[in-house]
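Please read it beside the sequence and the coordinates, which are shown next.

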Amino acid sequence: MASENSPLLAYRLLGEEGVAFPANGAGGPGGTSARKLSTFLGVVVPTVLSMFSIVVFLRIGFVVGHAGLLQALAMLLVAYFILALTVLSVCAIATNGAVRGGGAYFMISRTLGPEVGGSIGLMFYLANVCGCAVSLLGLVEAVLDVFGADATGSSGLRVLPQGYGWNLLYGSLLLGLVGGVCTLGAGLYARASFLTFLLVSGSLASVLVSFVAVGPRVIPLTPRPGPNGSSLPPQVGHFTGFNSSTLKANLGAGYAKDYTTGTMMTFASVFAVLFNGCTGIMAGANMSGELKDPSRAIPLGTIVAVAYTFFIYILLFFLSSFTCDRTLLQEDYGFFRAISLWPPLVLIGIYATALSASMSSLIGASRILHALAQDDLFGVILAPAKVVSRGGNPWGAVLYSWGLVQVRKYLLRLDVRKEHVKFWRPQLLLLVGNPRGALPLLRLANQLKKGGLYVLGHVTLGDLDCLPSDPVQPQYGAWLSLVDRAQVKAFVDLTLSPSVRQGAQHLLRISGLGGMKPNTLVLGFYDDAAPQDHFLTDPAFSEPADGTQEGGSPALSTLFPPPRAPGSPRALSPQDYVATVADALKMNKNVVLARACGALPPERLSRASGGTSQPHHVDVWPLNLLRPRGGPGYVDVCGLFLLQMATILGMVPAWHSARLRIFLCLGPREAPGAAEGRLRALLSQLRIRAEVQEVVWGDGAGSGEPEEEEEGDFVNGRRGDAEAEALACSANALVRAQQGRGRGGVPGGPESGDGREGPTTALTFLYLPRPPADPARYPRYLALLEILSRDLGPTLLIHGVTPVTCTDL
């Protein structure tokens with residue numbers, strides 16, 4: 001909703017007629033002085049150029065060649081019928097009252113309200129941003145097809161170097177040109193658009209004349225690669241001139257593989273390409289703030305533009321079907337150049353349409369964004385978009401949009417195939433059964449994410465086939481309110497599944513977007529501890545006794561069930577719990593099991609308590625304590641992952657005062673100091689400040705045996721349950737013995753001999769062994785983890801499969 005100070009709600013009366021105008025008195029972005037554009041320059045020209053775009057030059061042959069003339073005309077009629085309905089709606093809204101800056105957003109928000117207008121306006125804005133980027137990238141490709149070093153065909157000039165970096169440079173330079181024109185104002189944009197309109201019109205005129213003036217000719221086609229890397233035999237297309245046999249052959253459909261992608265075309269795929277070339281009807285409406293008479297110009301100019309483009313498309317469809325055989329239409333989408341009286345003029349038209357479409361998208365996006373900012377629908381986030389020049393040009397919104405066109409090329413680089421250890425970040429999926437008992441873990445996971453992705457996942461048990469409606473959708477509001485109240489930066493992802501294990505698999509696979517997908521699964525520990533209701537003790541969740549919030553909405557505590565009673569059945573069995581861990585590791589996800597996080601003091605979970613907490617230790621045990629001898633020690637991937645996670649936590653303000661301690665376990669045959677020296681050298685390279693301590697390990701069960709253990713001997717049961725339990729108890733005692741040691745070396749004793757108590761351990765990081773290969777051993781594995789982490793206070797058992805440290809430049 002808009003605030004009370006929003007121009008959307010703040011009106012005052014001006015003049016004696018009692019007509020309401022916005023409080024800022026702005027007719028456009030900066031006032032009535034900005035309204036200079038006529039119907040032709042402000043609506044017809046940008047709408048025509050946006051609807052033509054690059055499709056009119058490079059996809060006419062594609063549509064007719066695959067769909068045939070009859071189906072192509074049917075597609076065109078369907079597309080323009082859809083457009084006609086939209087245009088009529090725009091006309092009705094535009095003539096219903098005074099239209100100000102903001103185009104479609106302004107008209108929708110003043111007709112249907114700010115909630116609907118804001119959501120639709122945001123989508124319009126993002127669509128224009130993406131459209132601008134796509135047009136520029138298309139322009140770069142069109143330029144490189146002729147001038148690129150890797151250009152194919154005999155007409156290629158091969159003067160511009162190619163590659164991702166070069167393509168990005170060319171696109172950025174073109175975006176700078178487009179952004180400069182739009183930043184200088186609508187007047188310069190209108191003149192630039194009129195110039196491109198003349199170029200496009202001249203190019204189309206030359207094409208239309210060429211269909212009549214050029215005689216029949218054979219057009220050689222670029223050789224296509226064969227299935228084994230060899231080139232197929234060269235093909236030729238025929239321009240027959242006006243020929244009834246050619247028209248007859250082109251009447252019916254002849255869908256084939258697209259030579260640019262190798263994909264088999266269908267009616268739907270061809271229609272999608274055609275319809276993309278018919279959109280852009282809002283380009284004129286987006287200029288509403290610069291039009292002299294928007295209520296008249298928008299409907300009239302849009303209708304004229306739609307009629308004009310429809311006539312041109314119909315004409316080009318008929319001319320292509322009469323004069324070009326299907327081979328030429330299907331195998332050379334740029335055949336206009338081959339039949340043109342002066343081919344460079346076609347290139348000029350291609351470049352002009354792409355450039356004008358990008359300008360139209362950018363300036364339209366900036367006007368929508370400026371209107372959104374003026375209405376304060378998104379608060380301070382869009383404050384820079386309110387800035388306007390003295391002449392009324394919203395250059396702040398233009399720069400904002402320019403930057404997003406530039407948040408988009410790099411977003412496409414967030415590809416799982418382009419991951420690198422140097423920019424690895426934990427991207428967490430925290431599975432929560434009931435947030436009332438998991439609030440401390442929810443906040444601790446928020447601290448561990450280090451600016452990465454954080455998703456709260458919840459599995460609702462059920463089968464949609466047996467339910468009248470989806471029970472998940474109504475829950476989103478409560479979970480989003482939980483995120484807001486807990487003050488964590490997390491997305492919410494809910495799913496419906498017959499079991500928690502299957503639901504966890506769903507969430508691990510589908511959560512996130514592109515390269516921003518969870519790489520670490522976080523689970524609460526599975527033990528017999530009675531669940532606590534943290535909603536009752538957390539000040540952020542204090543609510544009135546009547547169970548309602550301000551405004552009469554239900555209190556958050558009523559939206560989630562009370563914690564599970566001790567002894568009551570669980571939604572997840574021990575077998576499925578360990579199986580979920582095993583599933584995550586099979587999917588190459590890191591796993592974190594969190595135990596006793598409710599014992600963490602509130603200041604450690606605060607967002608901004610740096611320096612105010614008492615000093616404590618964060619202990620890291622980077623060795624598998626259930627495999628004490630013969631392993632690679634701290635140098636394996638999992639041990640380094642523990643170290644990385646502890647270091648990330650230490651960067652959080654609430655944990656700045658905590659001291660990182662790393663414990664190295666010495667086997668019976670290891671000399672003291674060697675492993676410590678290697679680790680200190682690594683820490684120096686990684687610029688990690690930590691205290692390294694060596695402890696003797698090997699006095700427990702089985703320590704008298706000289707041979708080395710194989711991977712998973714104790715976990716997989718090859719050493720016997722009694723021996724494994726004894727080892728786990730010994731490891732637990734070793735960790736507990738170190739937790740209260742200060743610099744004085746006495747557990748729980750004074751730190752420096754002056755009577756002050758030394759710091760104790762606030763959080764322990766333990767190496768989580770892999771689950772056994774035999775599912776029948778899962779309950780025993782969980783029992784060993786319970787013994788290993790018993791009475792250690794807040795503990796994170798972690799198994800990392802992702803390399804996270806690198807010392808190479």
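This is a predicted model: local features need pLDDT of at least 70, side-chain atom pairs count only at pLDDT 80 or more; totals for chains, interfaces and linings use all residues.

With a relative accessible area of 1%, V592 is buried, and this residue is found in strand 9, which covers residues 590–595.

- V581 and V592 are eleven residues apart along the chain, and their C-alpha atoms are separated by 9.0 Å.
- N588 lies in the loop between helix 18 (574–586) and strand 9, and although N588 is not a glycine, it has a positive phi of about 60 degrees.

**Other buried residues**

- R443 lies in helix 15, residues 439–448, and counts as buried because its relative accessibility is 14%, where the cut-off for buried is under 20%.
- Apart from neighbours within four places in sequence, R443 is in contact with R485, A486 and V488, as well as with D538, A540, F541 and L605.
- P759 lies in the loop between helix 21 (721–739) and strand 13 (761–767), and this proline is buried, with a relative accessible area of 6%.
- The C-alpha atoms of P759 and R659 are separated by 9.1 Å, while the two residues are 100 residues apart along the chain.
- C91 is found in helix 3 and, at 10% relative accessibility, counts as buried.

**Contacts of helix 3**

- Two packed helices are described by the angle between their axes and the distance between the axes.
- The axes of helix 3 and helix 10 come within 10 Å and cross at roughly 170 degrees, and because angles over 145 degrees count as roughly antiparallel, helix 3 and helix 10 are roughly antiparallel to each other.
- The residues in the contact of helix 3 with helix 10 divide into 23 nonpolar and five polar, with no charged residues.
- Helix 3 (residues 60–94) also packs with helix 9 (residues 267–278), at an angle of about 55 degrees and with the axes 9 Å apart, and these two helices are therefore oblique to each other.
- The crossing in which helix 3 passes helix 9 is right-handed, and by class the contact of helix 3 with helix 9 has 18 nonpolar residues, two polar residues and no charged ones.

**Helix 7 against helix 10**

- Helix 7 (residues 186–213) and helix 10 (residues 294–323) have axes that come within 10 Å and cross at roughly 30 degrees, which makes helix 7 roughly parallel to helix 10.
- The crossing of helix 7 and helix 10 is left-handed.
- From helix 7, the residues S201, L204, V207, L208 and F211 meet Y308, I312, L315, L316, L319, S320 and T323 in helix 10.
- Sorted by class, the residues of the contact of helix 7 with helix 10 are nine nonpolar, three polar and no charged.

**Helix 13 and its end**

- Helix 13 (residues 343–374) has 32 residues and reaches 47 Å from its first C-alpha to its last, which is close to the 46 Å expected at 1.5 Å a residue.
- Helix 13 is mostly covered, as 28 of its 32 residues are buried.
- Just after helix 13, D376 takes a positive phi of about 55 degrees.

**A further positive phi**

- Most residues other than glycine have a negative phi, and most peptide bonds are trans.
- Q487 has a positive phi of about 60 degrees although it is not a glycine, and Q487 lies in the loop between helix 16 (476–486) and strand 7 (491–497).

Technical notes. Residues are numbered from 1 along each chain as its sequence is written. Side-chain values use heavy atoms; hydrogens and water are left out. Axes are lines fitted to C-alpha atoms, for helices over the stretch in contact, and angles run from 0 to 180 degrees between N-to-C directions. Helices (H or I, at least four residues) and strands (E, at least two) are DSSP runs, numbered from the N terminus. Angles under 35 degrees count as roughly parallel, over 145 as roughly antiparallel, 65 to 115 as roughly perpendicular and the rest as oblique. A crossing is left-handed if the near helix is turned anticlockwise from the far one by less than a right angle, and right-handed if clockwise. Contact means heavy atoms within 4.5 Å. Ala, Val, Leu, Ile, Met, Phe, Trp, Tyr, Cys and Pro count as nonpolar, Asp, Glu, Lys and Arg as charged, and the others, Gly among them, as polar. The expected span of a helix is 1.5 Å times one less than its number of residues. Buried means under 20% relative accessible area, exposed over 50%, partly exposed in between (1.4 Å probe, protein chains only).
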